[in-house]
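Student: I am new to this structure and would like to learn how to read it. Could we look at it together, one feature at a time?

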Amino acid sequence: MLNSVFLFYGENMYALRQELQRWKASFLEKYGQDALFHFSSQNWDLGVVKQALYAGGLFVSKKLIVIEGIPKDSADPQSIPTEKIDQFFTEFQEQVALLSPDTIVIFLSYKPDKRTKAFKRCSENVQMKAFDPYKEPQLKAFIAEQIAPFTLAPTEMDYLLLKVGNDCYRLAHEIEKLKF
């Protein structure tokens, strides 16, 4: 198992994004902007990704590399094509020994296709962190945390959940409106 390679996945986009932001902010604070690389389907270039993964940095000792859409993300219609993902993973497995211990890699997929080779390889070789949708008690705790220092009665929380739903982004936005 690779200790410096992670897969963040799950349908709770809010919690996943918050965790990723926490990791990035902490890393930026310690090592600076030059040590952070973020790739998605919009800026995907296999050569540049490989250079970020395996080449040493000129002024950086540690690197954080975030790659969105790997394994194949069925929630994103604009994600990286499966052929390119398979090509990347084949090369990644062949060259994983070249990966510096000072390099942290985070693969990010909201709704990965668990039938693909890439997901199966991840489940066997990398550390996985799942972000499952919140259940009702977790949603109520989320609401209480977001609305602090104010409070809502349990019936008001139930009503808010009924009207807004369980999307944490929408809940956070509606709670901001309630604060003002």
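Student: Which backbone oxygen does the side chain of Thr116 reach, and at what distance?

Tutor: A polar contact is a pair of N or O atoms within 3.5 Å; within protein, one must be able to donate a hydrogen and the other to accept it, and residues adjacent in sequence count only if both atoms are side-chain atoms. Here the side chain of Thr116 reaches the backbone oxygen of Asp113 at 2.9 Å. Before we go on, note that this is a predicted model, in which local features need pLDDT of at least 70 and side-chain atom pairs count only at pLDDT 80 or more, while totals for chains, interfaces and linings use all residues. Residues are numbered from 1 along each chain as its sequence is written, and side-chain values use heavy atoms, with hydrogens and water left out.

Student: Where does Thr116 lie, and is Thr116 buried or exposed?

Tutor: Helices (H or I, at least four residues) and strands (E, at least two) are DSSP runs, numbered from the N terminus, and Thr116 sits in the loop between β4 (103-109) and α4 (117-125). Buried means under 20% relative accessible area, exposed over 50%, and partly exposed in between, with a 1.4 Å probe and protein chains only; Thr116, at 14%, is buried. Contact means heavy atoms within 4.5 Å, and, leaving aside residues up to four places away in sequence, Thr116 touches Pro71 and Lys72.

Student: How should I read a helix, and which residues of α6 are buried?

Tutor: In α6 (residues 154-164), the buried residues are Met157, Leu160, Leu161 and Val164. Seen down the axis of α6, these fall within an arc of 95°, so they line one face of the helix; the arc is that of the directions from the helix axis to the C-beta atoms. The face turned away from that buried side carries the exposed Thr155, Tyr159, Leu162 and Lys163.

Student: What covers the buried residues of α6?

Tutor: The cover includes α5 (136-147) and α7 (168-179). Gln146 belongs to α5 and is buried, with a relative accessible area of 17%. Not counting residues up to four places away in sequence, Gln146 touches Tyr14, Ala172, Ile175 and Lys179.

Student: How many helices and strands does the protein have?

Tutor: The protein has seven helices and five strands, and along the sequence they follow the pattern β-α-β-α-β-α-β-α-β-α-α-α. Of the 180 residues in the protein, 41% are buried.
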